[in-house]
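Please consult the sequence and structure shown below alongside the text.

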Amino acid sequence: MNCAQWSSVMLLALVSAQAQAQDASAEVESIGTGMGTKLEALESDHFLFVLGVPRTQAQPSVQAAEGAWKEFSAFSGVTDSGELFGSKKPLVGLFAAKAGYDKFAEWYGATYKPWPGFVDNVKRAVFWPQPHPRIATFTHLRPNTPESVRNVIAHEVGHLLIMRWKYHNNFLPPWLEEGFACWIEAKTLGRSNCYCFAGGYGDRATRLDKINDIEWPRWKAAVALQVKGNHDKALKSIIPMTLSDLSAAEMGKAWSMVDWMIAQGEGKFLKFVERMKALWPKDIVFEHSEAKGTAQEKALQEVFGLDPEGIDKAWRAWVGANYKLLKEPARK
Ligand SMILES: [Zn+2]
């Protein structure tokens, strides 16, 4: 390629980047019109922030979202976010308070009509990951601070990542979805607030500010203690649990199970997610079913060569060898 050809390629790339930036700010402007609020657009490498707060207050969240993508990319080897997100960067809505979050939910519901009852459900929570039709996650600052809200953002980006990997337009098992979101939150920030389990998406979410921030080594120590005392619940009994059944103890095992699966390398974790989705029952049903349990067990067997009891055994041995017991493990 000669010099003139190179410059036209560069020019095309520049024009296309400019066109995308224009699309991004036009989209955020139209969201603002729909919400009846003035919003600001902030585009990072992999996300489009929809801001109802000053840009400086969004900086920790921008770093958290990009950090979560980086962690995903590091363990998976996936470098093209289009594989998960398609051609448009996911929206990350950040509003000053609940009223802005609610208005965004109303805008989203009116624009994309994801399913009946969407807006009411979203309004009962204080953060939301929405994988389809327009990939988005949104939350609000108060009672969080710009610094503490980054845990929510890293965690919710985790939800989007596992939802969107080989997207199957269906529910995921709560232990796996939460386990992965907590895992990526901890990998990104070194600590976890684990918001969603035990009814976090329901009315107990108003107690968000009372949930402790826990450093990952202390969480790991709590899991190590469970394993040492042999009182962790069997994976087979965690698989059918709803979000509100999952207590801190089961959540600890769930993200640690994700930690173990990823540590097995060879792309096994994402292969497992992919196979499980391929085997998932086609009807869209919220509740657990036998078919959902079978899909998980078959995928585990295919990818790790183990049944749930075998997985428990391998995981326990691995935790025993890799997680340190501390004097002060996390207590919840
Ligand atoms: Zn969650």
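Gln57 is partly exposed, because 17 other C-beta atoms lie within 10 Å. On this scale a residue is buried if 20 or more other C-beta atoms lie within 10 Å of its own, exposed if 12 or fewer, and partly exposed in between, with C-beta atoms placed from the backbone. The model is a predicted one, in which local features need pLDDT of at least 70 and side-chain atom pairs count only at pLDDT 80 or more, while totals for chains, interfaces and linings use all residues. Residues are numbered from 1 along each chain as its sequence is written.

Gln57 belongs to helix 2, which spans residues 55–76. Helices (H or I, at least four residues) and strands (E, at least two) are DSSP runs, numbered from the N terminus. Leaving aside residues up to four places away in sequence, Gln57 touches Leu141 and Pro146; contact requires that the C-beta atoms of two residues, placed from the backbone, lie within 7 Å. A distance of 19 Å separates the C-alpha atoms of Gln57 and Ala68, which are 11 residues apart along the chain.

## Cis peptide bonds

The peptide bond from His132 to Pro133 is cis, with omega near -5°. Pro133 sits in the loop between strand 4 (127–130) and strand 5 (136–140).

A cis peptide bond also runs from Arg142 to Pro143, with omega near 10°. Pro143 is located in the loop between strand 5 and helix 6 (149–164).

## Positive phi at two lysines

Lys113 is a residue other than glycine with a positive phi, near 40°. Its place is the loop between helix 4 (98–112) and helix 5 (118–123). Lys113 is exposed, since 11 other C-beta atoms lie within 10 Å.

For Lys166, phi is near 50°, again a positive value in a residue other than glycine. Lys166 occupies the loop between helix 6 and helix 7 (174–189). With 15 other C-beta atoms within 10 Å, Lys166 is partly exposed.

## Domain arrangement

The chain is divided into domain 1 (26–165) and domain 2 (216–322), with bounds that come from an automatic or database domain assignment. The centres of domain 1 and domain 2, taken over C-alpha atoms, are 27 Å apart. The contact takes 4 residues from domain 1 and 4 residues from domain 2.

On the side of domain 1 that touches domain 2, the residues comprise 3 nonpolar, 1 polar and no charged. Here Ala, Val, Leu, Ile, Met, Phe, Trp, Tyr, Cys and Pro count as nonpolar, Asp, Glu, Lys and Arg as charged, and the others, Gly among them, as polar.
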